[in-house]
Amino acid sequence: MGLCTALKKVSRRGKIVVLVGLLLSVLAWKATISGETDTTVHVNSASTQTLVREEKLREKLNTWTVAPSYSNILAEKVDCPEESPLLVGASKLSFESSLNLKDVENENKGLTKGEYEPSDCKAMHSVAILIPHRNREKHLLYLLQNLHPFLQRQQLHYAIYVIHQAGDATFNRAKLLNVGYLEAIKDFSWECFIFHDVDLVPENDHNLYICDQQPKHLVVGRNVTGYKLRYKGYFGGVTAMTKDQFFQVNGFSNSYWGWGGEDDDLRVRVELQKMKILRPPADVARYTMVFHKRDSGNQVNRNRMNLLGQTTKMWRTDGLNSCKYETLSVARYPLYVNITVDIGRL
């Protein structure tokens, strides 16, 4: 009896110990699982935070590389509009006898060595104005005074080149214009060339000094002809041709010494290339011709009709590709580039 009672007590204690052991094992296992879960959650949280930071950084990088900064926006010009808002139409021209070079320079402070670009937008057209010249200083002043604001209202990127014939040989307008073209393209790849007589001043800034798909004649009328075209086929005074158009016709002939014939020769060259001459409306393409007497050294070319008869045969070999001259000086003044050349003589 006593032995059985003792064994029962031991057995009961053993069960309690086993139960306590099992309970402790369960608690330990739970603690282990709990700790592992906490660690896993912590790692996942850290990964999420890292992904968020990377995404924000990527967005910032995209902002820096795609969208320009405010300073860059200010630095970049927008294109000028197709039609300039600065145009005023017909203007009253002034030809004061007291005008001097300093006056014209003071009126045109935005120029750099004869070149101009709009300050508030990017010009849609780049244009070189070529003016053949000798002994016509007052006419040049009148033209510069009126032409600079005229061109600036059209919001063009432009430069004015005055090609001065040195010496006292007979004047050769056409060869000087060939020289102007060849010299101007050394400065810049001008898209358009305006071949401009020094005594013709434009009256209306809607007469745009830009080139077209075909050569353009800008002088439909002038004051001395009652604002009518001088004659059918007239292509003189002021003409506009692209760089490629002028090259295609081999420029002007170099053979016209004295007054007359070279503009008709150019028209024939244009027609030989199957080009058409365009003109602005007559009420826009109006010019004032500043009065002057016939220049000494620019007598009427009495051989001009004979030369015109040879144009179809000679245009390939007489022009830009045969223009020989010596550049004596290139002076870059505030209002224009002056190119003084020796072009030989007849």
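Predicted model: local features only at pLDDT ≥ 70, side-chain atom pairs only at ≥ 80, totals over all residues.

**Disulfides, cores and a pocket**

Let me start with C80 and C121, where the torsion about the S-S bond is about 90°, so this disulfide is right-handed. As for where these two cysteines sit, C80 is in the loop between α2, residues 70-75, and α3, residues 101-107, while C121 is in the loop between β1, residues 115-116, and β2, residues 126-133, so that the pair, 41 residues apart, links distant parts of the chain. The sulfur atoms of C80 and C121 are 1.9 Å apart, and both of these residues are buried.

How many disulfides does the structure hold? There are two, and the other one is formed by C192 and C211, with their sulfur atoms 2.0 Å apart. Here the torsion about the S-S bond is about 75°, and therefore this disulfide, too, is right-handed. Because C192 lies in strand β4, residues 192-196, and C211 in the loop between β5, residues 200-202, and β6, residues 216-217, this pair ties together parts that are 19 residues apart in sequence. Both C192 and C211 are buried, and if we count the bonded cysteines along the chain, the pattern is 1-2, 3-4. Another cysteine, C323, has a relative accessible area of 11%, which is under the 20% cut-off, so C323 counts as buried.

The largest nonpolar core has 36 residues, of which I129, L151, I160, I194 and Y209 touch the most other members. At least two residues of this core come from each of β2, α4 (137-153), β3 (157-165), β4, β5 and β8 (238-242), and the largest share, eight residues, is supplied by α4.

Finally, a word on open space. Which residues lie nearest the centre of the second largest pocket? They are E82, E83, S84, Q154 and L208, out of 14 residues that line this pocket. The volume of the second largest pocket is about 210 Å³, and its lining divides into seven nonpolar, five polar and two charged residues.

Technical notes. Residues numbered from 1 in each chain as written. Heavy atoms only, no water. 1 Å grid on protein atoms, 1.4 Å probe; cavity = no way out; pocket = protein on both sides within 12 Å on 5 of 7 lines; lining within 4 Å. Points joined across faces, edges and corners; volume = space filled by probe spheres on them. Nonpolar A, V, L, I, M, F, W, Y, C, P; charged D, E, K, R; others polar. Disulfide = S-S within 2.5 Å. Helix = DSSP H or I, 4+ residues; strand = E, 2+ residues; numbered from the N terminus. Buried < 20%, exposed > 50% of the residue type's maximum accessible area, 1.4 Å probe, protein only. Core = buried A, V, L, I, M, F, W, Y, C linked by side-chain atoms within 4.5 Å.
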